[in-house]
Amino acid sequence: MSAHRHTVRVVQAIQSTFDDLGTPLAGVTFVVVDLETTGGTPAQCGITEIGAVKVRGGELLGEFQTLVNPAEPIPAFISVLTGITDSMVRDAPRIDSALPAFLEFAAGSVLVAHNAGFDIGFLKAAAARTGLRWPGFPVLDTLQLARQLVVRDESPNHRLSSLAQVFGSPTTPDHRALHDARATVDVLHGLIERVGNLGVHTLEELSSYSSRVTPSQRRKRFLADPLPSAPGVYLFKDGSDRVLYVGTSRDIRTRVRSYFTASEQRSRMAEMVRLAHVVHPIVCQTSLEAQVRELRLIDEHKPRFNRRSKNGRKVMWVKLTQERFPRLSIVKQVRDDDAHYIGPFRSRVTAQSAIDAVHEVVPLRQCTGRLTGRGTACALADMGRCGAPCTGAQSEGDYAVVVDECRAIFTGNARPSADLLRARLEELASQERFEDAARVRDRFLQLVRGAARAQRLAPLVRSPEIVGARRSDLGDWELVSIRHGRLAGTAVSPRGADPMQYVRSMQATAEVVPPSTPERPSALTEETEILLRWLEAPGVRIVELDGTWTCPVGGAGSVRSELEPAVASAHDVVGFDNDVPPSRPGPGRGGAAGHGGGLRRVG
């Protein structure tokens, strides 16, 4: 058979099935491919030769080789490099004939190449030009693996010719496709032998191999074997049964297995895995239950390798004090003292930003001492930013008007303050003080976030019970019972069943949650926020409401919804503290959303 015709020697092979346990490397069919081309750019250059070798379990199954007419002259320096000339490819098949033959040869395999991005890029570009659908082969790159496994003491570089010598290949790479493919097969087998000694025995592990993952870390992958492939929470524990880390996933087993491969990029997780002796799963009925359980477990155990939610109780509030001349103060706890609060804030910095925003638009006093009426006015009075009640210049009645402006932001009418903010921003902009304007705007955003949070969470905390329902992707109903801002119960009503029966059963077995008090809150604020976001998500229906769920029409939430998009699109704003992600529009956002009691059928 002439050199330019397809030369194929093949034994029928059956590709192993990829399953959750991983595909043993001994059962994987690899097709090692190499190309010769007219240049280095797939979009502008053509393929002149395809060579491929099919192997499985170390045995040769077949070879494929063909020259290809690139429909363009081969540059002289390419001919010198490869030995392929225009006369050799004149009668060779075009790529629209050669590529389908190669794809048939490689069907059901894992493609392997040295510097795979080059060869696979040319093959994909050729498929696109000829109108063929690229099958989406799994791909392994021996160059990338060699960089992980072959040190400089063994080889000065990771070129195919150098690696072929390292692994004792009988074939010397010479820039002819089939010869280079044969040499790459020997390199592949040498690399697989090395990773096998490091505990890598499946295709999935080989595909994600990284030298950053230690052999001891890989050996611990057996910890994932008994875990369920179900949604829920998992706890890594050490030899003393101390919780090291808490996580959540839609598939516990698959997620935990990833901690023993290079797909886990967090450096501190390697130390966590080194200390882990067991992984404890908690299967949950819904993803919402898993989120809440994760939060509570982190709060309970304070795992050393969790960064988020460990300080869920350490939040700040901004309080409008109950004094003769009230002022704003940062406090760590909401008390039952008839004062007004906004928050919570994750840090003192963001709480102070909210206070600074109030002072930008409301001339509230900023001094902290006891007022006697015989003090000395500060610079703020000279600037018109304070009425100076400390000197007696401002009466208690006049100051009460100022306090009412501030109280409106806290309790439900933020529109007047927003109008004052706009006037202030226009004033700063007219003076070309754009950085000051951006700073004022960002502070005000922190203020309305805190106020909106308080206005949205308070009705949830006060309500004895809210029952919500949402359709799952499978057509089931996910049912949730929320009592005083705490997840009290959850259930799933199967598709086609009467969901109200499951609602009644859930309510009968749900946790009894007493009303929240400042000393004994019913739930972490973060848990209540998670539940609120779930209730406001599209597709959620309120089944029952014992209580009143409202939010003021002109409240901070409506101002926030207008202000946040403007901030997000502004080019001069960089990185303010996003305490809580914006929720989707839902009950009580930007309008009067009053929910009465009663029952509404689901379905």
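The model is predicted: local features need pLDDT of at least 70, side-chain atom pairs count only at pLDDT 80 or more, and totals for chains, interfaces and linings use all residues. Residues are numbered from 1 along each chain as its sequence is written, and side-chain values use heavy atoms, with hydrogens and water left out.

**Salt bridges**

- The structure holds 18 salt bridges, a salt bridge being a side-chain nitrogen of Lys or Arg within 4 Å of a carboxyl oxygen of Asp or Glu.
- Side chains of opposite charge can pair when their charged atoms come close.
- Lys237 is joined to Asp241 by a salt bridge whose closest N and O atoms are 3.7 Å apart.
- Lys237 is buried, at a relative accessible area of 15%; buried means under 20% relative accessible area, exposed over 50%, and partly exposed in between (1.4 Å probe, protein chains only).
- In the salt bridge between Arg242 and Asp238, the closest N and O atoms are 3.1 Å apart.
- Arg242 is exposed, with a relative accessible area of 53%, whereas Asp238 is buried at 11% relative accessibility.
- Arg327 forms a salt bridge with Glu323, with 3.2 Å between the closest N and O atoms.
- Arg327 is buried at a relative accessible area of 17%, while Glu323 is partly exposed at 35%.
- A network of salt bridges links Glu323, Arg327 and Arg365.

**The four-stranded sheet**

- An open sheet of 4 strands runs in the order β15-β14-β13-β16, with antiparallel pairing.
- The edges are formed by β15 (486–493) and β16 (541–546); each has a single partner strand, so one side of each is left without a neighbour in the sheet.
- Neighbouring strands of this sheet are turned by 15° against each other on average, direction ignored.
- Helices (H or I, at least four residues) and strands (E, at least two) are DSSP runs, numbered from the N terminus, and two strands pair if DSSP finds at least two bridges between them.
- Strand β13 (residues 465–471) pairs with β16 in the antiparallel sense over 5 bridges.
- Ile466 stands opposite Leu545 in β16.

**Helices across the sheet**

- Helix α12 (residues 287–301) lies across β14 (477–483) and β15, and runs at about 150° to β15.
- Helix α18 (residues 499–509) lies across β13, β14, β15 and β16, at about 30° to β14.
- Contact means heavy atoms within 4.5 Å; axes are lines fitted to C-alpha atoms, for helices over the stretch in contact, and angles run from 0 to 180 degrees between N-to-C directions.
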